[in-house]
Amino acid sequence: MRYFLELSYDGTDFHGWQRQPNALSVQQRIEEALTTVMRKVTPIIGAGRTDTGVHARRMYAHFDTDKVIERPDAFLRGLNRMVGQSIALRRLILVADDAHARFDATERSYKYFVIFEKSPFLRDSSWWSPAALDVEKMNQAARLLLNVEDFTSFSKLHTDVKTNICDVRHACWESYENPLGVPGIVFTIKADRFLRNMVRAVVGTLVDVGRGKLSLEEFTAVIDAKDRCAAGTSMPAEGLFLWDVKYPYIKD
């Protein structure tokens, strides 16, 4: 039988999602807890990979077992006690044997949080911009992404993907309220898939537009160049959240 786990995590203390030989990852922490509870080595496959320091509000992973989990709530409580404070396992969903957390996802969304006043309480969940940004110009540039197919300019170099084609369906900056009253903006982007480092590169280039370093024409030229060296700096990881992942057979 195959189960999906719905989970959240604070990526501050992890070297990304994917298991690594010499560094702690989110995947490793969950697999170790599952192996203890299941009394059998139990690997998981996630909806995607997040980099060191990147967070996830809603992530999914699947695992297989040869027995029915009859008490899902107790199962999740046991796992949550083992994975530590930085990970929350929220839901266990029995799915079809061929359901796949990575390949069946129809849409992924990310948010990037920017604040305009320094806050020691938000340093691990946002990026502080000491200077004002032209949000209107940034949104004009962001709308151009909706007509782009090839995102090579915003992809990490030397990756193993076969194509850099992505279907970006939404890209927008908005003001947001946080509980501390610190003024800020948030960028939301939704697509069928994302390339490695793509969102942080997109945000970095949009911030250059907001700072007046790039015009809209120059932003378009960056896209057309299909060259990572043409785009802006990759933004710090702490402001980035994998916000949601959509599947045709899972309801919120």
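**Close-up views of aromatic rings and a buried glycine**

**View 1. A lysine and a tryptophan ring.** In this predicted model, Lys111 lies over the face of Trp243, at 5.4 Å from the ring centre; a charge is said to sit over a ring if NZ of Lys or CZ of Arg is within 6 Å of the ring centre and within 35 degrees of the ring normal. Local features need pLDDT of at least 70 and side-chain atom pairs count only at pLDDT 80 or more, while totals for chains, interfaces and linings use all residues. Residues are numbered from 1 along each chain as its sequence is written, and side-chain values use heavy atoms, with hydrogens and water left out.

**View 2. A stacked phenylalanine pair.** The structure holds 16 aromatic pairs, where rings of Phe, Tyr and Trp (its six-membered ring) pair if their centres lie within 6.5 Å, and planes under 30 degrees apart count as stacked, over 60 as edge-to-face and the rest as tilted. Phe63 and Phe75 have ring centres 6.3 Å apart and planes at 20°, so this pair is stacked. The pair links distant parts of the chain, with Phe63 in strand β3 (residues 55-64) and Phe75 in helix α2 (residues 72-83); helices (H or I, at least four residues) and strands (E, at least two) are DSSP runs, numbered from the N terminus. Both Phe63 and Phe75 are buried, meaning under 20% relative accessible area, with exposed over 50% and partly exposed in between (1.4 Å probe, protein chains only).

**View 3. A glycine in a strand.** Gly184 belongs to strand β8 (residues 184-191) and is buried, with a relative accessible area of 9%. Gly184 and Ile115 are 69 residues apart in sequence, yet 4.0 Å apart in space, C-alpha to C-alpha.
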